[in-house]
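Take a look at the sequence and the structure shown here. A short tour of selected residues comes after.

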Amino acid sequence: KSRDVAECYQYISFTHLGLGDVDEAENFAKKALDLRIELFEGENHKSVGESYINYGTIYLAKGEFEQATEYMEKAIKTFDSTCGEQSFDFIMGCKFLGTAYMIQLKVEEAEDNYEKSLVVAT
């Protein structure tokens, strides 16, 4: 098992999500996340954060907003601890979380996350 296999699972998940097959997207997202946690001996790795973003996106597509924001928040924490607040991944995590809040019409929370990503990016 390798990082490449986990990456392939992740991209297959993206493909199914793009095709509207949310259940199959979630199936491959789980494979990617489980393999990454195994490979990196826990959740504290950038790739695991990427899997959390994918899960968050899947839950948004399913209309399961609390779970979506939970996974986006986990991703941001993971990116903060592995890459730091100044990283591209952290910035993208804040943008994804902001979008998740916007979809829920939680404008203030969305704006907070967009502003956090802007501050870090500049």
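## Basis of the model

This is a predicted model, in which local features need pLDDT of at least 70, side-chain atom pairs count only at pLDDT 80 or more, and totals for chains, interfaces and linings use all residues. Residues are numbered from 1 along each chain as its sequence is written, and side-chain values use heavy atoms, with hydrogens and water left out.

## Salt bridges

Side chains of opposite charge can pair when their charged atoms come close. The structure holds six salt bridges. A salt bridge here is a side-chain nitrogen of Lys or Arg within 4 Å of a carboxyl oxygen of Asp or Glu.

One of them joins Glu 7 and Arg 36, at 2.9 Å from N to O. This pair links distant parts of the chain: Glu 7 sits in helix α1 (residues 3–18) and Arg 36 in helix α2, 29 residues apart. Helices are DSSP runs of H or I with at least four residues, numbered from the N terminus. Arg 36 is buried, at 2% relative accessibility. Glu 7 is partly exposed, at 30%. Buried means under 20% relative accessible area, exposed means over 50%, and partly exposed lies in between (1.4 Å probe, protein chains only). Glu 50 joins Glu 7 and Arg 36 in a network of salt bridges.

Asp 89 pairs with Lys 46, and their closest N and O atoms are 3.4 Å apart. This pair also links distant parts of the chain: Asp 89 is in helix α5 and Lys 46 in helix α3, 43 residues apart. Asp 89 is buried, at 14%, while Lys 46 is partly exposed, at 33%. Another salt bridge joins Lys 62 and Glu 64, at 3.9 Å from N to O. Lys 62 is partly exposed, at 31%. Glu 64 is partly exposed too, at 30%.

## A buried threonine

Thr 69 belongs to helix α4 (residues 65–82). Its relative accessible area is 9%, so Thr 69 counts as buried. What does Thr 69 touch, not counting residues up to four places away in sequence? The answer is Leu 97, Ala 100, Tyr 101 and Gln 104. Contact means heavy atoms within 4.5 Å.

## Surface patches

Patches are made of residues with over 30% relative accessible area and no salt bridge; like charges are joined within 9 Å, and nonpolar side chains (Val, Leu, Ile, Met, Phe, Trp, Tyr) within 5 Å. Glu 108, Glu 109, Glu 111, Asp 112 and Glu 115 gather in a patch of negative charge. Asp and Glu count as negative, Lys and Arg as positive, and His and the chain ends are not counted. The charge is placed at CD of Glu or CG of Asp. Glu 111 lies in helix α6 (residues 107–121) and is partly exposed, at 43%.

Met 102, Val 107 and Tyr 114 form a nonpolar surface patch, with about 240 Å² of accessible area together. Accessible areas come from the Shrake-Rupley method with a 1.4 Å probe. Met 102 is in helix α5 (residues 88–103). Met 102 is partly exposed, at 35%.

## Positive phi angles

Most residues other than glycine have a negative phi. Glu 41 has a positive phi, near 55 degrees. Glu 41 lies in the loop between α2 (22–39) and α3 (46–62) and is exposed, at 77%.

Leu 105 also has a positive phi, of about 65 degrees, and is not a glycine. Leu 105 is in the loop between α5 and α6. With a relative accessible area of 70%, Leu 105 is exposed.

Key. Helix = DSSP H or I, 4+ residues; strand = E, 2+ residues; numbered from the N terminus.
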